[in-house]
Amino acid sequence: VQLYGYNSCLWDTTSPAYKSKDCRQVALKAIVDEMDIPGFGTSECKIKIKNMRSHYCQELRKVKEGRRNYKPSLLWYDAVDSYLRDFVQQDRCHSNHKVNRIFS
C-alpha cells in the first residue's frame, strides 16, 4: 500500500507521468524489487493493485452510501484513501476500465 502510494504515476491522473507507460513500468518494477518476494513480478503486482483498488472502491461505495456508522473493514483503507479518493471516479469503481487503462 505504501509503495503504491509513493508511485503516484500509477494513480495520479493529473500527473504527466501517469500517461507514460515507461514510467508506470519503472514504478511497478520498483515495487516488485522493494517487496523482494520470490515469484512476485510485475504481472502479479498489476493484479494486486487491481484487486486493491477494487476492494477500496467497494469500501468507498459503502462509506458514501452513508451506511449507519459504517467503518471500513480494510486495515489499509485510510492509507489508500488519503491519496486515492480524489482520483477514483465512483461511477467507474464497478468497472475495471480505468484500472486496466493504467497498465495498457
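**Salt bridges in a predicted model**

Good morning. I begin with aspartate 81, which forms a salt bridge with arginine 85; their closest N and O atoms lie 2.8 Å apart. Please keep in mind that this is a predicted model.

How accessible are the two partners? Aspartate 81 has a relative accessibility of 18% and therefore counts as buried, since the cut-off for buried is under 20%. Arginine 85, with a relative accessible area of 29%, is partly exposed.

How many salt bridges does the count give?

The next one joins the side chains of glutamate 59 and lysine 62, with an N to O distance of 3.5 Å. Where do glutamate 59 and lysine 62 lie? Both belong to helix 3, which covers residues 42–64. They are three residues apart, about one turn of the helix. Glutamate 59 is buried, its relative accessible area being 5%. Lysine 62, by contrast, is partly exposed at 21%.

I turn now to arginine 61, whose salt-bridge partner is glutamate 65. Here the closest N and O atoms are 3.7 Å apart. Is glutamate 65 buried or partly exposed? With 47% relative accessibility, glutamate 65 counts as partly exposed, because the cut-off for exposed is over 50%. Arginine 61 is also partly exposed, with a relative accessibility of 24%.

Thank you for your attention.

How values were computed. Residues are numbered from 1 along each chain as its sequence is written. This is a predicted model: local features need pLDDT of at least 70, side-chain atom pairs count only at pLDDT 80 or more; totals for chains, interfaces and linings use all residues. Side-chain values use heavy atoms; hydrogens and water are left out. A salt bridge is a side-chain nitrogen of Lys or Arg within 4 Å of a carboxyl oxygen of Asp or Glu. Helices (H or I, at least four residues) and strands (E, at least two) are DSSP runs, numbered from the N terminus. Buried means under 20% relative accessible area, exposed over 50%, partly exposed in between (1.4 Å probe, protein chains only).
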